[in-house]
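Notebook open, model loaded. I'm jotting down what I look up as I go.

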Amino acid sequence: MKIVVAGGTGFLGRAVAGSLLDSGHAVTVLTRNPDRVSAIPRLAGANATRGDVTDASTLRGTLAGADAVVCAVQFPNHPIEVERRGLTYDRFDRLGTENLIGEAQASGVERFLYLSGAGADPASDKVWYRAKGRAEESLRRSGLRYVILRPSWAYGPGDQALSKFASIARFSPLLPQLGLRPQRIQPVHVDDVALSARRSFEQTEDAWDKTFEIGGPEVMTMNEVLHTLLDVMGLRRLVVPVPTALAKLGTAPLKLLPSPPMTPQGIEFAVQDGVVDTSLLEEVLEVHPVPLRVGLERYLVP
Ligand SMILES: NC(=O)c1ccc[n+]([C@@H]2O[C@H](COP(=O)([O-])OP(=O)(O)OC[C@H]3O[C@@H](n4cnc5c(N)ncnc54)[C@H](OP(=O)(O)O)[C@@H]3O)[C@@H](O)[C@H]2O)c1
(Lines give C-alpha, C1' and ligand atoms only; values in the text may rest on other atoms or scores of the structure.)
Protein backbone atom coordinates (compact mmCIF):
# COMPACT_ATOMS: atom_id res chain seq x y z
CA MET A 1 0.00 0.00 0.00
CA LYS A 2 1.02 3.62 -0.48
CA ILE A 3 0.61 5.26 2.94
CA VAL A 4 1.19 8.90 3.88
CA VAL A 5 2.15 9.37 7.55
CA ALA A 6 1.48 12.90 8.81
CA GLY A 7 3.62 13.45 11.90
CA GLY A 8 5.95 10.67 10.75
CA THR A 9 8.97 12.50 12.18
CA GLY A 10 7.47 12.45 15.72
CA PHE A 11 7.76 9.98 18.58
CA LEU A 12 4.80 7.74 17.70
CA GLY A 13 4.65 8.63 14.00
CA ARG A 14 8.27 7.63 13.43
CA ALA A 15 7.69 4.23 15.02
CA VAL A 16 4.50 3.73 12.99
CA ALA A 17 6.17 4.80 9.72
CA GLY A 18 9.20 2.58 10.46
CA SER A 19 6.99 -0.40 11.17
CA LEU A 20 5.01 0.14 7.94
CA LEU A 21 8.28 0.39 5.98
CA ASP A 22 9.44 -2.90 7.59
CA SER A 23 6.36 -4.64 6.27
CA GLY A 24 6.92 -3.42 2.73
CA HIS A 25 4.55 -0.47 2.43
CA ALA A 26 5.56 2.59 0.42
CA VAL A 27 5.64 5.35 3.05
CA THR A 28 5.62 9.11 2.51
CA VAL A 29 6.13 11.30 5.56
CA LEU A 30 4.11 14.50 5.58
CA THR A 31 6.06 17.12 7.56
CA ARG A 32 6.63 20.85 7.76
CA ASN A 33 10.29 20.17 7.04
CA PRO A 34 10.91 17.38 4.49
CA ASP A 35 14.71 17.81 4.71
CA ARG A 36 14.61 16.23 8.19
CA VAL A 37 13.30 12.90 6.94
CA SER A 38 16.46 11.56 5.26
CA ALA A 39 18.42 12.22 8.48
CA ILE A 40 16.18 9.93 10.58
CA PRO A 41 17.51 6.32 10.41
CA ARG A 42 14.12 4.73 11.25
CA LEU A 43 12.67 6.45 8.16
CA ALA A 44 15.23 5.03 5.71
CA GLY A 45 13.41 4.33 2.46
CA ALA A 46 10.57 6.78 3.14
CA ASN A 47 9.67 9.65 0.84
CA ALA A 48 8.83 13.08 2.19
CA THR A 49 6.29 15.72 1.33
CA ARG A 50 5.76 19.20 2.76
CA GLY A 51 2.49 20.11 4.45
CA ASP A 52 1.08 21.93 7.46
CA VAL A 53 -2.13 20.37 8.74
CA THR A 54 -3.31 23.67 10.23
CA ASP A 55 -3.37 25.23 6.74
CA ALA A 56 -5.56 23.21 4.36
CA SER A 57 -4.09 24.94 1.28
CA THR A 58 -0.64 23.41 1.98
CA LEU A 59 -2.11 19.89 1.92
CA ARG A 60 -3.44 20.10 -1.64
CA GLY A 61 -1.99 17.31 -3.76
CA THR A 62 0.09 15.81 -0.93
CA LEU A 63 -2.08 12.68 -0.78
CA ALA A 64 -2.35 12.09 -4.54
CA GLY A 65 -2.24 8.38 -5.34
CA ALA A 66 -2.17 7.29 -1.68
CA ASP A 67 -4.22 4.34 -0.46
CA ALA A 68 -4.19 5.42 3.17
CA VAL A 69 -3.27 8.22 5.56
CA VAL A 70 -1.99 8.02 9.12
CA CYS A 71 -2.41 11.11 11.30
CA ALA A 72 0.09 11.28 14.20
CA VAL A 73 0.40 15.05 14.49
CA GLN A 74 0.83 17.05 17.68
CA PHE A 75 1.71 20.69 18.26
CA PRO A 76 5.28 21.59 19.23
CA ASN A 77 5.98 21.58 22.97
CA HIS A 78 2.81 19.61 23.69
CA PRO A 79 1.11 19.49 26.25
CA ILE A 80 1.83 23.17 26.84
CA GLU A 81 -0.71 25.22 24.88
CA VAL A 82 0.32 28.75 23.89
CA GLU A 83 -2.86 30.32 22.55
CA ARG A 84 -1.26 33.56 21.33
CA ARG A 85 0.97 31.47 19.02
CA GLY A 86 -1.87 29.22 17.85
CA LEU A 87 -0.44 26.17 19.63
CA THR A 88 -3.69 24.64 20.85
CA TYR A 89 -5.37 21.24 20.91
CA ASP A 90 -8.31 22.61 18.99
CA ARG A 91 -6.15 23.93 16.15
CA PHE A 92 -3.96 20.83 15.81
CA ASP A 93 -5.96 17.84 17.09
CA ARG A 94 -9.36 18.92 15.80
CA LEU A 95 -8.83 21.35 12.90
CA GLY A 96 -5.56 19.74 11.72
CA THR A 97 -7.14 16.29 11.63
CA GLU A 98 -10.25 17.65 9.90
CA ASN A 99 -8.09 19.36 7.25
CA LEU A 100 -6.31 16.08 6.59
CA ILE A 101 -9.62 14.21 6.41
CA GLY A 102 -10.87 16.81 3.89
CA GLU A 103 -7.77 16.37 1.74
CA ALA A 104 -8.11 12.56 1.92
CA GLN A 105 -11.71 12.82 0.71
CA ALA A 106 -10.75 15.20 -2.11
CA SER A 107 -7.91 12.90 -3.22
CA GLY A 108 -9.95 9.70 -3.18
CA VAL A 109 -7.90 8.12 -0.38
CA GLU A 110 -9.82 5.17 1.00
CA ARG A 111 -8.43 4.66 4.52
CA PHE A 112 -7.53 6.90 7.45
CA LEU A 113 -5.80 5.80 10.65
CA TYR A 114 -5.95 8.37 13.45
CA LEU A 115 -3.68 8.43 16.50
CA SER A 116 -6.16 9.71 19.05
CA GLY A 117 -5.69 9.25 22.79
CA ALA A 118 -7.16 7.51 25.83
CA GLY A 119 -10.15 9.45 27.16
CA ALA A 120 -11.05 11.22 23.89
CA ASP A 121 -14.55 12.64 24.34
CA PRO A 122 -16.25 15.44 22.35
CA ALA A 123 -18.22 16.48 25.45
CA SER A 124 -15.28 16.61 27.87
CA ASP A 125 -14.50 19.78 29.81
CA LYS A 126 -10.78 19.13 29.13
CA VAL A 127 -9.63 20.70 25.88
CA TRP A 128 -7.32 17.78 24.99
CA TYR A 129 -10.03 15.12 25.33
CA ARG A 130 -12.58 17.35 23.59
CA ALA A 131 -10.40 18.18 20.56
CA LYS A 132 -9.53 14.52 19.99
CA GLY A 133 -13.15 13.46 20.55
CA ARG A 134 -14.35 15.96 17.96
CA ALA A 135 -11.68 14.84 15.49
CA GLU A 136 -12.83 11.24 15.98
CA GLU A 137 -16.44 12.27 15.32
CA SER A 138 -15.43 14.01 12.08
CA LEU A 139 -13.56 10.91 10.97
CA ARG A 140 -16.46 8.56 11.74
CA ARG A 141 -18.78 10.81 9.73
CA SER A 142 -16.34 11.26 6.83
CA GLY A 143 -17.27 8.17 4.82
CA LEU A 144 -13.61 7.07 4.86
CA ARG A 145 -12.70 3.64 6.23
CA TYR A 146 -11.14 4.41 9.57
CA VAL A 147 -9.11 2.98 12.42
CA ILE A 148 -8.87 5.06 15.58
CA LEU A 149 -6.08 4.15 17.99
CA ARG A 150 -6.34 5.56 21.51
CA PRO A 151 -3.06 4.98 23.32
CA SER A 152 -2.63 5.51 27.04
CA TRP A 153 0.74 6.85 28.24
CA ALA A 154 3.31 5.81 25.60
CA TYR A 155 7.00 5.43 26.44
CA GLY A 156 10.14 4.44 24.56
CA PRO A 157 13.36 5.95 23.24
CA GLY A 158 12.76 9.64 22.51
CA ASP A 159 9.52 10.01 24.47
CA GLN A 160 8.73 13.30 26.20
CA ALA A 161 7.85 11.92 29.63
CA LEU A 162 9.67 8.87 30.97
CA SER A 163 12.95 9.80 29.23
CA LYS A 164 12.96 13.06 31.20
CA PHE A 165 12.64 11.14 34.47
CA ALA A 166 15.45 8.82 33.34
CA SER A 167 17.70 11.83 32.62
CA ILE A 168 16.94 13.39 36.03
CA ALA A 169 17.58 10.06 37.78
CA ARG A 170 21.03 9.81 36.19
CA PHE A 171 22.35 12.89 38.03
CA SER A 172 19.93 13.71 40.86
CA PRO A 173 19.48 11.85 44.17
CA LEU A 174 15.82 12.95 44.16
CA LEU A 175 13.15 12.15 41.58
CA PRO A 176 10.07 14.40 41.61
CA GLN A 177 6.67 12.79 41.19
CA LEU A 178 3.78 15.06 40.28
CA GLY A 179 0.72 14.78 42.49
CA LEU A 180 -0.08 13.09 45.79
CA ARG A 181 -3.09 11.20 44.42
CA PRO A 182 -2.26 7.70 43.10
CA GLN A 183 -2.45 8.44 39.35
CA ARG A 184 -3.51 5.31 37.42
CA ILE A 185 -1.98 4.73 33.99
CA GLN A 186 -1.23 1.85 31.66
CA PRO A 187 2.19 2.59 30.17
CA VAL A 188 2.50 1.20 26.66
CA HIS A 189 5.73 0.72 24.71
CA VAL A 190 5.88 2.76 21.50
CA ASP A 191 6.53 -0.42 19.47
CA ASP A 192 3.18 -1.84 20.60
CA VAL A 193 1.42 1.28 19.33
CA ALA A 194 3.32 0.94 16.04
CA LEU A 195 2.43 -2.75 15.82
CA SER A 196 -1.25 -1.90 16.32
CA ALA A 197 -1.10 0.49 13.36
CA ARG A 198 0.75 -2.03 11.22
CA ARG A 199 -1.67 -4.85 12.08
CA SER A 200 -4.60 -2.61 11.09
CA PHE A 201 -3.22 -2.58 7.55
CA GLU A 202 -2.30 -6.28 7.60
CA GLN A 203 -5.40 -7.77 9.23
CA THR A 204 -8.59 -8.58 7.44
CA GLU A 205 -11.30 -5.99 7.00
CA ASP A 206 -12.23 -6.76 10.64
CA ALA A 207 -9.87 -4.05 11.86
CA TRP A 208 -11.60 -1.22 10.01
CA ASP A 209 -14.25 1.21 11.21
CA LYS A 210 -13.24 0.47 14.79
CA THR A 211 -11.74 2.29 17.76
CA PHE A 212 -9.00 0.52 19.69
CA GLU A 213 -7.78 1.49 23.12
CA ILE A 214 -4.11 0.69 23.68
CA GLY A 215 -2.32 0.27 26.99
CA GLY A 216 0.15 -1.98 28.74
CA PRO A 217 -1.05 -5.04 30.67
CA GLU A 218 -0.70 -3.41 34.13
CA VAL A 219 -2.61 -0.52 35.66
CA MET A 220 0.14 1.26 37.59
CA THR A 221 0.49 4.32 39.79
CA MET A 222 3.12 6.86 38.76
CA ASN A 223 5.03 5.89 41.89
CA GLU A 224 5.19 2.28 40.67
CA VAL A 225 6.23 3.47 37.20
CA LEU A 226 9.12 5.52 38.62
CA HIS A 227 10.28 2.72 40.92
CA THR A 228 10.22 0.26 37.99
CA LEU A 229 12.28 2.75 35.96
CA LEU A 230 14.83 3.12 38.76
CA ASP A 231 14.99 -0.62 39.24
CA VAL A 232 15.65 -1.28 35.55
CA MET A 233 18.32 1.45 35.55
CA GLY A 234 19.91 -0.11 38.65
CA LEU A 235 19.57 3.15 40.63
CA ARG A 236 18.36 3.95 44.15
CA ARG A 237 16.75 7.37 44.35
CA LEU A 238 14.28 9.07 46.64
CA VAL A 239 10.96 9.64 44.84
CA VAL A 240 9.50 12.91 46.18
CA PRO A 241 5.80 13.61 45.57
CA VAL A 242 5.06 17.25 44.69
CA PRO A 243 1.46 18.36 45.38
CA THR A 244 -0.35 19.24 42.15
CA ALA A 245 -1.62 22.54 43.60
CA LEU A 246 1.93 23.58 44.49
CA ALA A 247 3.23 22.63 41.02
CA LYS A 248 0.41 24.64 39.40
CA LEU A 249 1.10 27.64 41.58
CA GLY A 250 4.82 27.47 40.81
CA THR A 251 4.29 27.26 37.05
CA ALA A 252 1.57 29.93 36.79
CA PRO A 253 4.00 32.83 36.13
CA LEU A 254 5.69 30.82 33.33
CA LYS A 255 2.55 31.29 31.21
CA LEU A 256 3.88 34.75 30.34
CA LEU A 257 7.00 33.38 28.64
CA PRO A 258 6.95 33.01 24.81
CA SER A 259 7.72 29.27 25.16
CA PRO A 260 6.81 28.22 28.70
CA PRO A 261 8.63 25.06 29.86
CA MET A 262 5.51 24.15 31.88
CA THR A 263 2.13 25.68 32.76
CA PRO A 264 -0.68 24.80 35.20
CA GLN A 265 -2.61 23.28 32.28
CA GLY A 266 0.40 21.15 31.36
CA ILE A 267 0.55 19.91 34.97
CA GLU A 268 -3.13 18.99 34.80
CA PHE A 269 -2.50 17.04 31.60
CA ALA A 270 0.45 15.23 33.17
CA VAL A 271 -1.40 14.03 36.28
CA GLN A 272 -4.50 12.65 34.56
CA ASP A 273 -5.38 8.95 34.63
CA GLY A 274 -5.03 6.80 31.52
CA VAL A 275 -6.82 3.49 32.05
CA VAL A 276 -8.04 1.67 28.95
CA ASP A 277 -9.82 -1.49 27.82
CA THR A 278 -7.54 -3.47 25.52
CA SER A 279 -9.88 -6.39 24.84
CA LEU A 280 -10.69 -5.32 21.26
CA LEU A 281 -6.99 -4.70 20.56
CA GLU A 282 -6.07 -8.18 21.72
CA GLU A 283 -9.00 -9.90 20.02
CA VAL A 284 -9.03 -8.20 16.60
CA LEU A 285 -5.46 -6.92 16.09
CA GLU A 286 -3.88 -9.67 18.21
CA VAL A 287 -1.57 -7.17 19.87
CA HIS A 288 -0.57 -8.04 23.44
CA PRO A 289 1.43 -5.09 24.82
CA VAL A 290 4.47 -5.85 26.96
CA PRO A 291 4.71 -4.98 30.68
CA LEU A 292 6.62 -1.79 31.54
CA ARG A 293 9.66 -3.64 32.90
CA VAL A 294 10.05 -5.66 29.69
CA GLY A 295 9.64 -2.54 27.55
CA LEU A 296 12.18 -0.55 29.55
CA GLU A 297 14.73 -3.38 29.47
CA ARG A 298 14.63 -3.22 25.66
CA TYR A 299 16.37 0.13 25.60
CA LEU A 300 17.64 1.03 29.06
CA VAL A 301 19.69 -2.08 29.78
CA PRO A 302 22.97 -2.02 27.80
N1 LIG B 1 3.18 10.31 23.16
C2 LIG B 1 2.18 9.75 23.84
O3 LIG B 1 2.34 9.22 24.95
C4 LIG B 1 0.79 9.74 23.25
C5 LIG B 1 -0.23 9.07 23.93
C6 LIG B 1 -1.51 9.07 23.40
C7 LIG B 1 -1.77 9.74 22.21
N8 LIG B 1 -0.77 10.38 21.56
C9 LIG B 1 -1.09 11.07 20.30
O10 LIG B 1 -0.29 10.58 19.25
C11 LIG B 1 -0.02 11.62 18.31
C12 LIG B 1 1.49 11.76 18.12
O13 LIG B 1 2.06 12.12 19.36
P14 LIG B 1 3.64 12.20 19.57
O15 LIG B 1 3.88 12.14 21.03
O16 LIG B 1 4.30 11.21 18.67
O17 LIG B 1 3.95 13.68 19.05
P18 LIG B 1 5.36 14.35 18.69
O19 LIG B 1 6.50 13.46 19.00
O20 LIG B 1 5.35 15.70 19.34
O21 LIG B 1 5.30 14.53 17.11
C22 LIG B 1 4.45 15.45 16.56
C23 LIG B 1 4.53 15.39 15.06
O24 LIG B 1 3.59 16.35 14.55
C25 LIG B 1 4.19 16.98 13.42
N26 LIG B 1 3.62 18.31 13.28
C27 LIG B 1 3.62 19.31 14.20
N28 LIG B 1 2.98 20.37 13.71
C29 LIG B 1 2.57 20.04 12.45
C30 LIG B 1 1.84 20.73 11.45
N31 LIG B 1 1.40 21.97 11.63
N32 LIG B 1 1.59 20.08 10.29
C33 LIG B 1 2.04 18.82 10.08
N34 LIG B 1 2.72 18.11 11.00
C35 LIG B 1 2.99 18.73 12.17
C36 LIG B 1 5.67 17.02 13.71
O37 LIG B 1 6.33 16.94 12.45
P38 LIG B 1 7.27 18.07 11.84
O39 LIG B 1 7.87 18.83 13.00
O40 LIG B 1 8.29 17.27 11.09
O41 LIG B 1 6.39 18.88 10.96
C42 LIG B 1 5.89 15.71 14.47
O43 LIG B 1 6.24 14.69 13.60
C44 LIG B 1 -0.65 12.89 18.90
O45 LIG B 1 -1.91 13.10 18.34
C46 LIG B 1 -0.76 12.55 20.38
O47 LIG B 1 -1.79 13.27 21.03
C48 LIG B 1 0.51 10.41 22.05
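Started with helix α3 in this predicted model, listing its buried residues: Trp128, Tyr129, Ala131, Lys132, Gly133, Ala135, Glu136, Ser138 and Leu139. I then checked what they pack against, and got α2 (89–107), β5 (111–115), β6 (145–151) and α8 (264–270).

Next I checked the length of α3. It has 15 residues (127–141), so at 1.5 Å a residue I'd expect a span of 21 Å. The end C-alpha atoms are 21 Å apart, which agrees.

Which side chain does Glu136 meet in a salt bridge? I found Arg140, at 3.0 Å from N to O. An α-helix has 3.6 residues a turn, so residues three or four places apart point the same way. Glu136 is buried at 2% relative accessible area, while Arg140 comes out as partly exposed at 36%.

Asp90 is partly exposed at 33% relative accessibility, and Arg94 is buried at 14%.

While on salt bridges, I noted the total: the structure holds 17. One of them joins Arg145 to Asp209, with the closest N and O atoms 2.8 Å apart. Arg145 belongs to strand β6 and Asp209 to the loop between α5 (190–202) and β11 (210–214), so this pair ties together parts that are 64 residues apart in sequence. Arg145 is partly exposed at 25%, and Asp209 is partly exposed at 33%. I also traced a network of salt bridges linking Glu110, Arg111, Arg145, Glu205 and Asp209.

Arg111 took me to β5. How many of the residues of β5 are buried? I get 5 of 5, so I wrote the strand down as mostly covered. Arg111, Leu113 and Leu115 point one way, Phe112 and Tyr114 the other, and all are buried. Strand β4 (residues 68–71) runs parallel to β5, joined to it by 4 bridges. I marked Cys71 as standing opposite Tyr114.

Then β1 (residues 2–6). Here 4 of the 5 residues are buried, so the strand is largely enclosed by the rest of the structure. Its pairing with strand β2 (residues 26–31) is parallel, over 5 bridges. Val4 stands opposite Thr28 in β2.

I picked out Ser19 in helix α1 (residues 11–22). Buried or exposed, I wondered about Ser19? Buried, with a relative accessible area of 6%. Skipping its neighbours within four places in sequence, I have Ser19 in contact with Arg42, Ala194 and Arg198.

Last entry, the surface. I found a nonpolar patch of about 250 Å² made by Leu174, Leu238 and Val240. Leu238 is in strand β13 (residues 238–242). Its relative accessibility is 54%, so Leu238 goes down as exposed, given that the cut-off is over 50%.

Note on methods:
Residues numbered from 1 in each chain as written. Predicted model: local features only at pLDDT ≥ 70, side-chain atom pairs only at ≥ 80, totals over all residues. Heavy atoms only, no water. Helix = DSSP H or I, 4+ residues; strand = E, 2+ residues; numbered from the N terminus. Expected span 1.5 Å × (residues − 1). Buried < 20%, exposed > 50% of the residue type's maximum accessible area, 1.4 Å probe, protein only. Contact = heavy atoms within 4.5 Å. Patch = residues over 30% accessible without salt bridge, like charges linked within 9 Å, V, L, I, M, F, W, Y side chains within 5 Å. Areas by Shrake-Rupley, 256 points an atom, 1.4 Å probe, with all protein chains shown as cover. Salt bridge = Lys/Arg side-chain N within 4 Å of Asp/Glu carboxyl O. Pairing = 2+ DSSP bridges.
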